[in-house]
Structures are given as structure tokens and as C-alpha cells.
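Visitor: I'm new to reading structures. Could you walk me through this one, feature by feature?

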Amino acid sequence: MEPSSALASEYRSKGAVVVRGLLSERELGWLCEGIEANLASPGFRAIVASGADDPGRFFEDFRNWDRIGAYRRLIEESPTAAVAGQLMGASHVRFHHDHLLVKEPGTRQPTPWHQDQPYYNIDGAQTCSLWIPADSVPLDASLRFVAGSHLGPWLMPRAFMTDEARWFPPGALTELADIDAEPGAHEILSWALEPDDAIAFNMLTLHSAAGSATRRRALSLRFMGDDVVHAPRPWKTSPDFPELKGALASGAPMDHPLFPVVWSSAAN
Ligand SMILES: O=C(O)CCC(=O)C(=O)O
């Protein structure tokens, strides 16, 4: 599958697009196998991002591709990296990390509005996350995006459940407006999805999701393009990369075995 040039220019102007029919049945099998293996054996970064009184459960885990073979196959052998590269207009693509997000049936905990990049250890504009569901996702449980927000400022990242500012110091970044209180003020993008579809979005595009009445398993694969460089932080990023201390300078390209090159336009 190759995205059209119209889809790529929509990606760059809006910051989020739907990619229909991204995965074959075999690749979808890797996605489901990987997610179930991850749920059966969570990594040490796994968290439950919903309260004890939530009738469902919002489970997240990060950075498991090096120990879950089905994730690695999905990253290295499916069209995910090529699609990310073509949407970004990059000449090469490095993998940053995998992020599992599972809402069990009846989960009430929403995913609050946020941008992803302020939680990370990178600077640069050529970024792409592919949010790939393993279950059908109705519109009311799907991700919602503010079109064009990736072109705006970095906004203050906060913990999903407590709203605590654990990353940038208070006042360092603009606080988020109450997007839901301003209907009509923003162009909101959202799509119902089938399991072979994905949403591609820039790591600065503001997004959120409601809870989910049905099981909603999704894997976000995070890819970086040509201009992304290391931005080490004095705090613990989410996810963290302690292995980089002393190994990768500030402002250096992400040239490290943790971030393999997974696609290059020259080879295709
Ligand atoms: O799955 C969700 O509810 C949120 C996904 C998300 O924030 C992401 O993939 O960056």
C-alpha cells in the first residue's frame, strides 16, 4: 500500500489522516499476536491509566518491540515505516518506540487532549505515529484531532489521570485551551476504523479520545524523519531512554541502535 500524494499533502497540512487498508490479514495477525503477548507479559514501563472505580481499564505499555517478535515483524516487514516515510516526505525513517493502548469494555477514562512530542526526547518536525487498532473502533471511541495544531506551539504536557505537570516546569509552555468547551472553534478530525486501518498523525497534533464501551486494543508505532534530533531532558521522559545518557549528544541525529533505520527512499 502506498499513500497518494493527495493524502501526503493532507497529512502535512492537517497533521492527521486515516490510512485505510494499511495491513494485510497476515500483518493484522502479527498485531493481534503482539498485543496479546504484551498483555500476557507486561513490560516494566506498563501502567494502568484508569482509576480503581473505572468499570473498564485503560492499560498502556511502552518500548516492547525488542522482546516481542510480532511487534518487530510489524515494524520491519509491514508497510508501516514506508507509509510513515511517504506521508512525512522523509528520505529515511527511524523507529522511535511502540506504545500499547488498550481500553477494556466499559472503560470510562478518557484520553485527555494532548500533544505527544512534549513527553518525548526529540526535536524536529518530521514525525509520524501510526495508531493501529486491532478491533473495530466506532466513531465515539476513536481518536479526535485538532486539524493543523501540529503547526502551532508546543503545549504543556500533563499526566493523564492526575493532570500533574511532571515534565516541563510551570510556565515553560502554553497551557491547553479547553477544546471541548469551544465547539466550532476548531476543525476536529475523527474516523471510525476497521482493524486493517490506521490513523497517521504528527507528534505535535493535539488529540484525545473518549472512553470505550467495547474492547479497543491499539498499538501506536512512532516514526521519525530526516530532521529529528536528540533533545535530552533533565526529567524522565515518557517513555524514558536512560541508555542514551552519555551516548547521544543534544542536537545529534537519532543515530543509535535503539532507533533503527526502518525505511529509506533510496532503497525503494
Ligand atoms: O489510544 C488512545 O486513547 C490515545 C492514543 C494516543 O494518545 C497516542 O497514540 O498518542
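This is a predicted model: local features need pLDDT of at least 70, side-chain atom pairs count only at pLDDT 80 or more; totals for chains, interfaces and linings use all residues.

Visitor: Which residues touch the most other members in the largest nonpolar core?

Guide: In soluble globular proteins, nonpolar side chains tend to be buried together. A nonpolar core here is a set of buried Ala, Val, Leu, Ile, Met, Phe, Trp, Tyr and Cys residues joined through side-chain atoms within 4.5 Å. Buried means under 20% relative accessible area, exposed over 50%, and partly exposed in between (1.4 Å probe, protein chains only). The largest core has 41 residues, and Leu31, Ile35, Leu87 and Phe223 touch the most other members. Helix 4 (residues 80–88) gives the largest share, six residues; helices (H or I, at least four residues) and strands (E, at least two) are DSSP runs numbered from the N terminus. Apart from this core lies another one of 38 residues, including Trp131 and Phe160.

Visitor: Is Leu39 buried or exposed?

Guide: Leu39 counts as buried because its relative accessibility is 17%. Leu39 sits in helix 2 (residues 25–40). Leaving out residues up to four places away in sequence, Leu39 touches Arg57, Phe59, Leu100, Val102 and Arg215, where contact means heavy atoms within 4.5 Å.

Visitor: How do helix 2 and helix 3 cross?

Guide: Two packed helices are described by the angle between their axes and the distance between the axes. Here the axes of helix 2 and helix 3 (residues 69–77) come within 7 Å and cross at roughly 145°. Axes are lines fitted to C-alpha atoms, for helices over the stretch in contact, with angles from 0 to 180 degrees between N-to-C directions. Among the residues that meet are Trp30 and Ile35 in helix 2, and Tyr71 and Leu74 in helix 3.

Visitor: Where is the cis peptide bond, and which residue other than glycine has phi near 55°?

Guide: Most residues other than glycine have a negative phi, and most peptide bonds are trans. Ser238 and Pro239 are joined by a cis bond, with omega about -5°. Arg63 has a positive phi, near 55°; Arg63 lies in the loop between strand 3 (58–62) and helix 3, and is buried at 13% relative accessible area.

Methods. Residues are numbered from 1 along each chain as its sequence is written. Side-chain values use heavy atoms; hydrogens and water are left out.
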